[in-house]
Each structure stands twice: as structure tokens, then as C-alpha cells.
Amino acid sequence: MSRTALRICPLCEATCGLTLTLDGGRVTGARGDRDDVFSKGFICPKGAAFGAVDSDPDRLRTPLVRVDGELREATWEEAFDAVAAGIRPVVERHGPHAVGIVLGNPNVHTMAGALYPPVLIAGLGTRSLFTASTVDQMPKHVSSGLLFGDANAIPVPDLDRTDHLLLIGANPLESNGSLCTAPDFPGRLKALRARGGTLTVIDPRRTRTARLADRHIAVRPGADALLLAAMAYTLFDEGLVDLGERAPHIQGLGELAAALDDFTPEAAADACDVDAATIRALARELAAAPTAAVYGRIGSCTVPHGTLASWLVDVLNVLTGNLDRPGGALFPQAATDRTPRPAGPGRGFALGRWHSRVRRHPEAKGELPLSALAEEIDTATDEGEPVRALIAVAANPVLSAPDGERLDKALDSLDFMVSVDPYLNETSRHAHVVLPPPPPAQSAHHDFAFNTLAVRNQVRYTRPAVPLEAGRMAETEILARLVLAVTGMHGADPAAVDATVIDQTLGKAARDPHSPVHGRDPKDLASLLTGDNGPERRLDMMLRLGPYGDGFGADPDGLTLDRLLAHPHGIDLGPLRPRLPQPLKTRSGKVELLPEPIAADLPRLRAALDERPGGLVLVGRRHLRSNNSWMHNVPALTGGSNRCTLHLHPEDAEALGVRDGEPVRIKGAGGEVTAPAEVTDGVRRGVVSLPHGWGHDRPGTRMRHAAADPGANVNQLLDGSLLDPLSGNAVLNGVPVDVAPLTAP
């Protein structure tokens, strides 16, 4: 007999509520949960295909351990014995930095990925941390850290109340939004226009989002920061700066005006390929709107000046008085945020506390560039030990990082590698141990990261829709056991990991004079926690200590896990509210408009005013029915528009002798790939576009559907040398490439 169960979708950042139809332990259907307090029934093709993702027959069901060079099925005990035997000797002989950790994008989509990697990193003590952030959004973290003192204090556009929205490098009709958690992003944009608002899109491609806009500006790829700087200059030049009520919380206005003095619209126009009159009009419209928000995403992050572009997005919000006000860009307040502290100066944000060995890249937010992983493995220097062992959690950097061919070879040279992954993919095939988590229907879900970026404050939690299958291990237990195995506590009860975190957190809270539990006994507090397991007890603790929590009984109407469980469709916590100066952790206690690292990088941007790149440049693109390299093994999510083709403009195609549908060779600094040509006026002249996440053609994987239509790995066109220097983020857009028909001599 079929039944239904609720589940928050973990397949993109929109976090929509789903109603699953179940037949025994199998998901047979998925529809939007109309009673969900946040998504209100919205669903996209990924959510509708939840059952197919969940039941993919190529998902690994048991651990794999390498024996005599081959991966063979093993018991969980054998797998963790092998992990401990492989990692601990590396730590003991070469130190903790010889063990690298790679965290992939799916970590932020699971409870386990949010709760346990910080414990793993701290317990191991390694500085060799690499994540998907440095091929994605690290510039936004760095700019937020420098502006606001907290790398995770990221303002999001108030989509439901703004009068004017300017998007740069973002295509939420395909991506569903990113660093801006908003179920039904397309519907929210249509509602903006229906209420008389204005939507402006800046993108070298005429995307689905651009086609919806009132104004589309086809900027030259990589020139985002120049365009934004010229807009900011215009605001100063024409007396349009108005900080509004937030003025007392902002410093550096005069210094900023002087720093932007060279970035006139006339000086920037040719480099941006946007005329000066249009640049001035964009600035004037932004200033004249009753409320407005500027929002930039991956297209403006993965460019040579990604941090400067991300900084200028918020500079424009500040200069127009739209930071931290309804209808502008505000700081969300998640239910599991730390207890709000009184406003005042903080420790600030520092870059470069340590560096990579080979090219001396500075760390950012505790991470080294993913582009540097291969060289940190395969290159010896006098600056310490190379990475000799690797722990990859939900990561496939062979496809997601530049120059996967080099990384592919480097992974084969490791002394030991463990991969936590449901698939034997292009990266996990190198592992000595593969630990497969269960399908998502068998896991609980709460969005720790994405609620900090949500366009409305709310809280939701869903327990597993179906019980854990026999022989499976919960992902939370896998990661807890992994922590024990690599930190010298192999064989201990995995519940000890959660218990230790709870004890440490409550002990710190009890000592904090600003905490609602200051002075209380941590053991007594721990005894009040509810939940069926350690992860639920940790969630209960975070809710109780958070901004809406009951403070362990101090507020009888406050939030607890039990109260959340009594609201299966979630609890609405209200619209975003102005919060300054409370989120600020800068040393001044104010928004610091011109931080020193930003000022030091501006000469590089000034030099770009004179650059006129010739030839073709490459940009990426996303598909609504995929998320990076995750979902190409699901037949329901491939085909149709989700194809690995090279988009190029008809005039460029004619000049190159390329015909629609025929294969072309694309060559970059890192190598060359082939893909079918798709001739379209959806890209501007001089620009070609190849999607991210493809290239499933390596031997030794077990992803049959993906391998049948492998596509081309766009990141192989990059050699890893191009990085945004402040954030270490890979430059993926605006890079020069050569294109020719495959049959050309």
C-alpha cells in the first residue's frame, strides 16, 4: 500500500518542500508540498525526479576496499579498519598537513555534510583543505569578510519587496538561485515585474532570465567589475549617493570615492563593450528606484576580478541606501545561527594566514585553491610535505577543477585515499576505500547553510522518509566513524563525536555572558536535549541557543526540536528585517567600504581598463535539470536542453566554417576537447559557452548512463594558472579559446 512522506529537496539551493509517494521503501513519485511555509508547492524537474535520483541502480550499496589493486566489496568494519590503517601512518610520519581534505558541493545539501566536516578538519589539524568554494563563490565570502568582518555575512536581495533588481552573472531561471535561497525564483521575478518593478540582467548570454528582463546588457565576459566600478563612479559623480539610515554604520566613503576616480563610464565603456550612456543610465535607474537590490553570482565570481566584482555589488547596495533595508539587500537570520551578540567591534577578517607550498597561494576562509590540489600532491618543494593522503567527501574534482588530466594522474600517486561518495566516479575510482552514503530518502534533512541565505526567515526539518535499508549506514554515522578513524580513536562509539561537540558547545555557551544559558551547568543542559540520535540532539541544541530558541527554558515560546517536529511543513519566522550593526564583526564595528586588500587590488583593475582581448572567450552555463556533475547518471534529467554542446554566435560560426550540430575542437591553455556545435544568437559575438560538469568518459567508473553520453569536460581547457588573487577562486569565465571544425586540417 502506498503512503506519502515529506522531504526537503536536497538537489539544489532552492530547498523546496516535497511530498513523496512511497511504495514500501521505494519512492514512486514526488510533487511539491503545497503546505510548505517556504516553497508553497513549487517544484522543478530535479525535485520531480527525486525518485529516480534516489533509486539509481548505479549507487553503491556497500563499501569498497582496494585489494591487490582492485576495488572489492567489503564490510563496514573492514572499510574503517582500512581507513585507520591508511591515514594514521601518514599523519604520524609526515604530519597532519600531509593529509588533504576535499569537500564537494553536495556537502552543503546534507545534514551530515554540515555537521561533521568541521569536526574532521579540527580533529585532524590539517591546513590542506580544498573545497568547491574556490571554483564557485569564494569571492563573495572574501568580499563579505572584508566589508562586514564575517565571511558568511552575505546580504541577499529582498526579492518579494524590491522595486528594482539588477542581476549580474546570474541565471536563476536555470539555476533556481544560488547564495540566495528562494523557491520559485522564476515566479518571484515575474511577480516583481507584475507589481511594476524593473528587472535588469547583465550577462554575455541571452539566458532565460535575460529574456524575462526589462533590460539585458551583454557585457564582455570578465568585465563585470569594470562595469560595476563605473556605475559606482557615476553615483559619486552625479551626486546620487545616499546612504540613508545606515550612514552611521558605514565608514570610508571619501576614500572609496577617490579610489574609483579613474573608473569613469567613458574609460570603462570599450573594455566592457557597454557604451558610457548605458552605464550611466544603469546607475541612475538604480539610485532612482524606491528600493533596489544588486545581486551577483557565479558569472561575476569566476572571473579575474571576482572578489572586486563581489565587493562592488555590495558597494552599489550601500551607496544607494539599499543595504539592510526592506526591498534592498538584507542579512537573513537562520534559526541555527549563533546567539546574537551585542553590536560592537569584532576580530575582523584576515586573508593569507598560511599559504600553499608550491605557488604560495594565500588561504581564504581556511581554504586553499582547489586549482592547486594537483600540484600540492605531485610537486616537491622545500616548504613542507606534499599531500600524501586525501579524504574526499562528496567531491569530484577531476571534473570540477581545472586540468583534470593532471589531477587524475596525481591522485594515482597518493599513498592513500578515501572517498565518501554514492558513486564510483571520475575521482572516487582512485580511492583505496569508498564509503557510500544511503539515498536521500533514507536521510533526515535540515538546511544549515541555505537558511543563512534565504529570502525569508523560516525553519524546516524532515526525518527520513523511509527506514535505512539493511546493510546501509547513515551518512552521519559514516562521517562520525571517519572522524574517529583518522584522529586515532578508531573503534570508539561514533556517538562520542556528537557527545563531544555537545559538551564543548554547551560548555562554551555557559561561559559566555551574552548567552541565554550563561552560568548554567552544561551537563544539566545536555540532559534537556531531545532527539532520536546525536545529529538530532545537536540540531535541538542549536535551535535552543539560536536567535529564536527557547534558551533551554528561558523562553517558553521559543524554538526547540520538539516544536519544529510538531510543524512538519515548517515554521515561518517572517520577512527579512534590518539588522545592522549586529552582524558586523569588523575591527571598527562598521561596514568598511575600502578594506586594504581591496584597495591594493584596484591597480590591477585599473590596468584592465586598457585591455581589449581579441579572439573567442569561453563562458560556462548551467542547466535546470542538473547540478554540476551530480545528475548526469539519471535518464530523466538528461537529454532535451540538458546537453553538452558548444554555443556560438551565427556570425562566429560562419567565420570559422562551423555548421550547427557538427563536432568542433575547442582548445585552451589546459588542453582540448570536442563537442557538437550549437549555433545560437543566445550568446554575443566573440563568446562561446560550454556547460560545466560533463566529461564522464574515463575508464573504471560505474555510471553507465553518464558514460553512454559523456560530454566534454570544460575544465580541461584550463591549466589552473588563472586565479582571482584575493580569493584563490579559479577563473572559469572570459578565458581565451580557439575553436575549429573537427574536420579542419
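Student: Patches are made of residues with over 30% relative accessible area and no salt bridge, like charges being joined within 9 Å and nonpolar side chains (Val, Leu, Ile, Met, Phe, Trp, Tyr) within 5 Å. Which residues form a positive surface patch here?

Tutor: Arg338, Arg347, Lys508 and Arg511 form it; Lys and Arg count as positive, Asp and Glu as negative, and His and the chain ends are not counted. The place of a charge is NZ of Lys, CZ of Arg, CG of Asp or CD of Glu, and areas follow the Shrake-Rupley method with a 1.4 Å probe, only the protein chains shown counting as cover for residues. This is a predicted model, in which local features need pLDDT of at least 70 and side-chain atom pairs pLDDT 80 or more, while totals for chains, interfaces and linings use all residues. Residues are numbered from 1 along each chain as its sequence is written, and side-chain values use heavy atoms, without hydrogens or water.

Student: Where is Arg511 found, and is it buried or exposed?

Tutor: Arg511 is in helix α20, residues 495-511 (helices, H or I, of at least four residues and strands, E, of at least two are DSSP runs numbered from the N terminus). Arg511 is exposed at 61% relative accessible area (buried is under 20%, exposed over 50%, partly exposed in between, with a 1.4 Å probe and protein chains only).

Student: How many salt bridges does the structure hold?

Tutor: It holds 46, each a side-chain nitrogen of Lys or Arg within 4 Å of a carboxyl oxygen of Asp or Glu. One of them joins Asp36 and Arg460, with the closest N and O atoms 3.1 Å apart. That pair links distant parts of the chain, 424 residues apart: Asp36 is in the loop between β3 and α1, Arg460 in the loop between β18 and α19.

Student: Are those two buried or exposed?

Tutor: Asp36 is buried at 4% relative accessibility, and Arg460 is buried at 3%.

Student: Changing topic, how many aromatic pairs are there?

Tutor: A search of the whole structure finds three. Among them, Trp76 and Phe80 have ring centres 6.3 Å apart and planes at 25°, so they are stacked (rings of Phe, Tyr and Trp, its six-membered ring, pair with centres within 6.5 Å; planes under 30 degrees apart are stacked, over 60 edge-to-face, the rest tilted).

Student: Where do Trp76 and Phe80 lie?

Tutor: Both belong to helix α3, residues 76-94, and being four residues apart they are separated by about one helical turn. Trp76 is buried at 11% relative accessibility, and Phe80 is buried at 4%.
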